Amino acid sequence: MITGFNSDVKYRGLVYHVQTEDKGSDNPLIETLIYRGGEILASRRLPYKELVEGDAEEAEAAISRLMEDQHNAMILEVKHGGFAPPEEERGGEDLSLDEIVLSFLAARAAK
C-alpha cells in the first residue's frame, strides 16, 4: 500500500479537502474523495488490478504516478469551480471585492 495525498484547496472562500489513497493489493483501487465541511461531494475510483500482476517495483512506481495524477486532476476541478455551490448559497463573506461593490451600487441605485 502506498501513502496517499491530502490537500486543502480554497475556492471563493470555501475550503475543500482532497484525499487520495491506495486501497492496497487486496483491493487494487486508487480512490480520491472531495470533502467540504465534512460532506463528501465527489469520489473518483481507478482500479489497477493489471498493475499488481506485473513487476512489484514497476507497479509501485506506476501506482504512485496514477495516484498523483488523479489527485492533481481533482484539485484542478476544485480550482475551476467544479464543486462550488450555486451563487445564491454562498454567504456574503465569500464575495469578491468587485461583487460587494457591484451589490452596493445596485442597492444604492435602487433607492
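What covers the buried residues of α2? I began with this question, and I found that the cover includes β1, β2, β3, β4 and α1 (49-52), where buried means under 20% relative accessible area, exposed over 50% and partly exposed in between, with a 1.4 Å probe and protein chains only.

Before going on, I noted that this is a predicted model, in which local features need pLDDT of at least 70 and side-chain atom pairs count only at pLDDT 80 or more, while totals for chains, interfaces and linings use all residues. I also noted that residues are numbered from 1 along each chain as its sequence is written, and that side-chain values use heavy atoms, with hydrogens and water left out.

**The sheet.** I looked up the strands, which like the helices are DSSP runs numbered from the N terminus (strands E, at least two residues; helices H or I, at least four). Four strands form an open, antiparallel sheet in the order β1-β2-β3-β4, and I took two strands to pair if DSSP finds at least two bridges between them. The edge strands, each pairing on one side only, are β1 and β4 (39-47).

I then followed the strand pairs. β1 and β2 are joined by seven antiparallel bridges, with lysine 10 opposite valine 15 in β2. These two strands make a hairpin with two residues between them, and arginine 12 in the turn has a positive phi of about 50°. Between β2 and β3 (residues 29-36) I found six bridges, again in the antiparallel sense, and the partner of aspartate 22 in β3 is isoleucine 30.

**The helix.** I turned next to α2, which has 24 residues and reaches 34 Å from its first C-alpha to its last, close to the 34 Å expected at 1.5 Å a residue; the expected span is 1.5 Å times one less than the number of residues. Its buried residues include Ala59, Ala62, Met67 and Val78. After α2 comes glycine 81, whose phi is positive, near 85°.

**The cores.** Which residues make up the largest nonpolar core? I listed eleven: Val9, Tyr11, Leu14, Tyr16, Val18, Ile34, Ala42, Met74, Ile75, Val78 and Phe83. A nonpolar core here is a set of buried Ala, Val, Leu, Ile, Met, Phe, Trp, Tyr and Cys residues joined through side-chain atoms within 4.5 Å. The elements giving two or more residues to this core are β1 (5-11), β2 (14-22) and α2 (56-79). Apart from this core lies another, of six residues, among them Ile2, Ile30, Tyr48 and Ile63.

How values were computed
Contact = heavy atoms within 4.5 Å.
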